[in-house]
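Trainee: I have not looked at this one before. Can we go through it together?
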Amino acid sequence: MQVYFSNRFPKYLEDFTYSAMDFLGVSNLRGEVRIRMVRRLEDDCYGSCLGNDREVDVQIATTMMGEPISRTNKLLTVGHELVHVRQCLMRQLYIDAKGATVWNGADYSYCEKSVERSRGLPWETEAFALQQSVLDNWYRYKKTEDPRRINI
Ligand SMILES: [Zn+2]
């Protein structure tokens, strides 16, 4: 796994990214990931993920509706997008030659445009379900790293 961070990518987010990739098993996968911070994403999203089973581009927004996005929300977004990175690199989620969205071998193009959208697509359900665990794992790791705790 190769990871490339954009210029001036915050150090705390970079550290978190490595921890999250270990936690999610992304570090062991083959492929390239490029992560960059952007001032604003289309449709005022927190993050975006675009790629295939070889290379994935992730964007993390720093503002939404003109307001800065909190540190916690940026951490959650990185965790969320890295779940999508795993889905792409493991080819659980991909766009086929006809442009159809395929999840675990099933065509979801129809669902994507219909009622399924509001109920949550399976790849989004997985990403939302895991993003908090990724962050909790990071906080546990930070606690054990804190020298005041280690020296007691
Ligand atoms: Zn998502």
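Trainee: Which residues have the most contacts inside the largest nonpolar core?
Mentor: They are Ala20, Val56, Val58, Val78, Leu82 and Val85, in a core of 23 residues. A nonpolar core is a set of buried Ala, Val, Leu, Ile, Met, Phe, Trp, Tyr and Cys residues joined through C-beta atoms within 7 Å. Buried means that 20 or more other C-beta atoms, placed from the backbone, lie within 10 Å of the residue's own.
Mentor: Keep in mind that this is a predicted model, where local features need pLDDT of at least 70, side-chain atom pairs count only at pLDDT 80 or more, and totals for chains, interfaces and linings use all residues. Residues are numbered from 1 along each chain as its sequence is written.
Trainee: What supplies the largest share of this core?
Mentor: H2 does, with 7 residues. Helices here are DSSP runs of H or I with at least four residues, numbered from the N terminus.
Trainee: What does Val78 touch, leaving aside neighbours within four places in sequence?
Mentor: Val78 is in contact with Leu13, Phe16, Thr17, Ala20 and Ile60. Contact means C-beta atoms, placed from the backbone, within 7 Å.
Trainee: At what angle do H1 and H2 pack?
Mentor: About 40°, with the axes of H1 (residues 11-24) and H2 (residues 71-89) 10 Å apart. Axes are lines fitted to C-alpha atoms over the stretch in contact, and angles run from 0 to 180 degrees between N-to-C directions.
Trainee: New topic: how much of the protein chain is buried?
Mentor: Of its 152 residues, 24% count as buried.

Key:
Helices (H or I, at least four residues) and strands (E, at least two) are DSSP runs, numbered from the N terminus. A residue is buried if 20 or more other C-beta atoms lie within 10 Å of its own, exposed if 12 or fewer, and partly exposed in between; C-beta atoms are placed from the backbone. Two residues are in contact if their C-beta atoms, placed from the backbone, lie within 7 Å.
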